[in-house]
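Please keep the structure at hand while reading the numbered points.

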Amino acid sequence: MTRLQRVSSADGTQIAVDATGEGRPVVLIGGAFNDRTTMTGLAGVLSPYYRAVIYDRRGRGDSGDVSADYSVEREMDDLRAVIGYVGGTAALFGHSSGAVLALEAARRRLTVERVAAYETPFIPEGSRPRPAPDVAGRLVSLVRAGDRDGATALFQAEVVGLPAEMVEGMRQSDVWGYLTGLAHSLPYDYALFDSGSPVPAGRLAEVGVPVLAIAGSNTFPWLYQATEQVARAVPDGRFLSLAGQDHGVLHQPEALLPALREFLG
């Protein structure tokens, strides 16, 4: 990795950026409960072929947040600053809600060449219970009250859709401290979705760049279905099922390399 750099977003927030490798830039965007370290493995795999760029979304890791209004516009400003730092145009790879952020950036005509989107967590009709309309407000209230434990539990149970006993098991495990440490950023993830998180076919139809939508063959059925629907909704989309993988693909980043090399060129 290069030495950590910071770029200024439109509101003055300092965004932490690392880059490694040479060639055309590919910005890697993590999802909920992720900071830039989640993408270091994939950056290393890509760096012999591209300039792999990772950054902390606002409020996470080494990035600040001077606004905390949890708007998608702030995250667009941040990504625009990162793309400007690496030369003014880039391809994007996003994981989970990071994939939704990448697609939204392309829809808003940021200088994005193409988007690889891994398991976009929209909720297709009839696939699983949808989050209640008040989840966004409850999540913000918990975060502003400093209740990171409650925000983490709410997100895992009602947004991710995990059973209560699984959430309680996570609460008793070593991973819970890591999750609660990033819980204050969750409203930014959920701001990317309409109430109930349906697949936004109308918005996706406005994405004007090639999209590779990837899902692991062993992932949750609703995630697999959502990713297929994304590929159909964008004008220039292709779906890829990645054999043997699930939502934790970033732990095996080399599995993504052949598909990304073929797509990114």
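How many cavities of 30 Å³ or more does a search of the whole structure find?

1. The model under review is predicted. A search of the whole structure finds two cavities of 30 Å³ or more. As background, rolling a probe the size of a water molecule over the atoms shows where empty space is left.

2. The largest cavity has a volume of about 70 Å³. Its lining consists of Val 100, Leu 103, Glu 104, Arg 107, Phe 122, Leu 192, Pro 200, Arg 203, Leu 204 and Val 207.

3. Which helix gives the most to the lining of the largest cavity? Helix H3 does, with four residues. Two helices, H3 (97-107) and H9 (201-204), each supply at least two residues of this lining.

4. Sorted by class, the lining of the largest cavity holds seven nonpolar and three charged residues, with no polar ones. Glu 104, Arg 107 and Arg 203 are among the lining residues, and each of these three belongs to a residue type that counts as charged.

5. The second largest cavity has a volume of about 50 Å³. The residues that line it are Leu 28, Ile 29, Gly 30, Asn 34, Asp 35, Arg 36, Met 39, Ile 54, Tyr 55, Arg 57 and Arg 60.

6. For the second largest cavity, strands contribute to the lining: E3 (25-29) and E4 (51-55) each supply at least two residues. By class, this lining has five nonpolar, two polar and four charged residues.

Definitions and conventions:
Residues are numbered from 1 along each chain as its sequence is written. This is a predicted model: local features need pLDDT of at least 70, side-chain atom pairs count only at pLDDT 80 or more; totals for chains, interfaces and linings use all residues. Side-chain values use heavy atoms; hydrogens and water are left out. On a 1 Å grid over the protein atoms alone, a cavity is a set of points where a 1.4 Å probe fits but cannot get out, and a pocket is an open set with protein on both sides within 12 Å along at least five of seven lines; lining residues have an atom within 4 Å of a point. Grid points are joined across faces, edges and corners, and a volume is the space filled by probe spheres set on the points.
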